[in-house]
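Q: Hi! Could you walk me through this one? I'm new to it.

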Amino acid sequence: METKPKSEHLLELKVMRLTRPMLASPVVVTCDSTDLPGNTLNNELKNDCTALQGMETLAIGQFMVLPQSFGNIYLGEIFSSYLCVHNGSNQLVKNVIVKADLQTSTQIISLCGNSGEMKDLAPDNTVDEVIHHEVKEIGTHILVCEVSYIPVNLGNTAQSFRKYFKFQVVKPLDVKTKFYNAESDEVYLEAQIQNLTAGPICLEKVSLESSHLFSVSTLNTNEKGESIYGSVNILDTDCSRQYLYCLKPQISLLKDPKMMHNATNIGKLDIVWRSNLGERGRLQTSQLQRMAPEYGDIRVTMKNIPLTVYLEQMMNFNCHIINTSERSMDLMLILESNNSIAWCGISNTMIGTLKPGVSIDIPLCLIALRSGIITISGLKLKDTFLNRIYDYDDLTQIFVSQTD
């Protein structure tokens, strides 16, 4: 929205947003030659000046249309504007200063100001300014342009006027994330990116900048290191892409269960895209947070499980026990067989005293009693000091094959 100055001034201010033009596309309405209109509609489409000859039905225009207004701009794009101050009078004007500020709902950003330089403007001359700003907020933005000057033949009294231009900044992408905490302490991040713009975009870069607590590896490439979406990743309007990342905690986290529990900061997603006419945009999410896994007083995981498990044959593996509480615990190992597995070994075995944050590996052995996917269960740990029993009936799942 533009407001005119209340009084006449010797100078005029013109403001134009710098943006790429759009393709003028024809309205595609066709029919079969045997229908009632015959070839009338087809001939009209061929004679349309905006239609591309030979490919009229593809709605691809052959002309460019310049923008007629400020329009909307997407978050992460570069807002560029051209400011022109013209002296249309026959008088010399001194000390011309052009200022431009961008007002948002939270701040006022200074975009230009001649660097404090005052210029003299002879009749029929102009002062030009080009401003650029990366938009980082959503909502209403107001570009405030102010021109101040001193007319030489009108008493040398300083004069000024302002113009206002309002435009909206909207979301270009919708980013949804999901976290999966694996038993191996790895964290898997699934990110879904949806195109909310009015046209197709090309995703140039989608990466995860992990925090210092994790190291990240992408799972979005094939064995040759190429993107699974191809070298040109085109995303149409309202369409989505899924990306998967694996984050491994640093060694210092693995040594301290309390630090691992408090490691909730994952990192930031960095997304770079281009519109269908090459305009670049960049969006970086805020710090992604995961829900910390709850381990209780004792954390138990299975290690060194064989890849192949056969029916009614012994399977050896290790049970990794970590004391995640803040007190020492005297633990006893209890094993209970069921219809799926038979534990091999002595139950009610004393493990000993486990201090806070300390872990121990217990070698175990079992026999699978049925084939298919079975769950390792029936393991219990008893805190002999408090006489408290911790049950673990869903440690992991294994696939049991028939014996050779």
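Q: Which residue in S27 stands opposite Ile341?
A: That's Ala368. Strands here are DSSP runs of E, at least two residues, numbered from the N terminus. This is a predicted model, where local features need pLDDT of at least 70, side-chain atom pairs count only at pLDDT 80 or more, and totals for chains, interfaces and linings use all residues. Residues are numbered from 1 along each chain as its sequence is written, and side-chain values use heavy atoms, leaving out hydrogens and water.

Q: Thanks! And how many bridges link S25 and S27?
A: Four, in the antiparallel sense. Two strands count as paired if DSSP finds at least two bridges between them.

Q: What order do the strands take in that sheet?
A: The order is S21-S23-S27-S25, an open sheet of four strands with antiparallel pairing. S21 (298–303) and S25 (341–344) are the edge strands, each pairing on one side only.

Q: New topic: how many aromatic pairs does a search of the whole structure find?
A: Three. Rings of Phe, Tyr and Trp (its six-membered ring) pair if their centres lie within 6.5 Å; planes under 30 degrees apart count as stacked, over 60 as edge-to-face and the rest as tilted. Phe79 and Phe167 form a stacked pair, 4.7 Å centre to centre with 15 degrees between the planes.

Q: Where do Phe79 and Phe167 lie?
A: Phe79 is in strand S5 (residues 78–87) and Phe167 in strand S11 (residues 159–170), so the pair ties together parts 88 residues apart in sequence.

Q: Are Phe79 and Phe167 buried or exposed?
A: Both Phe79 and Phe167 are buried. Buried means under 20% relative accessible area, exposed over 50%, partly exposed in between (1.4 Å probe, protein chains only).
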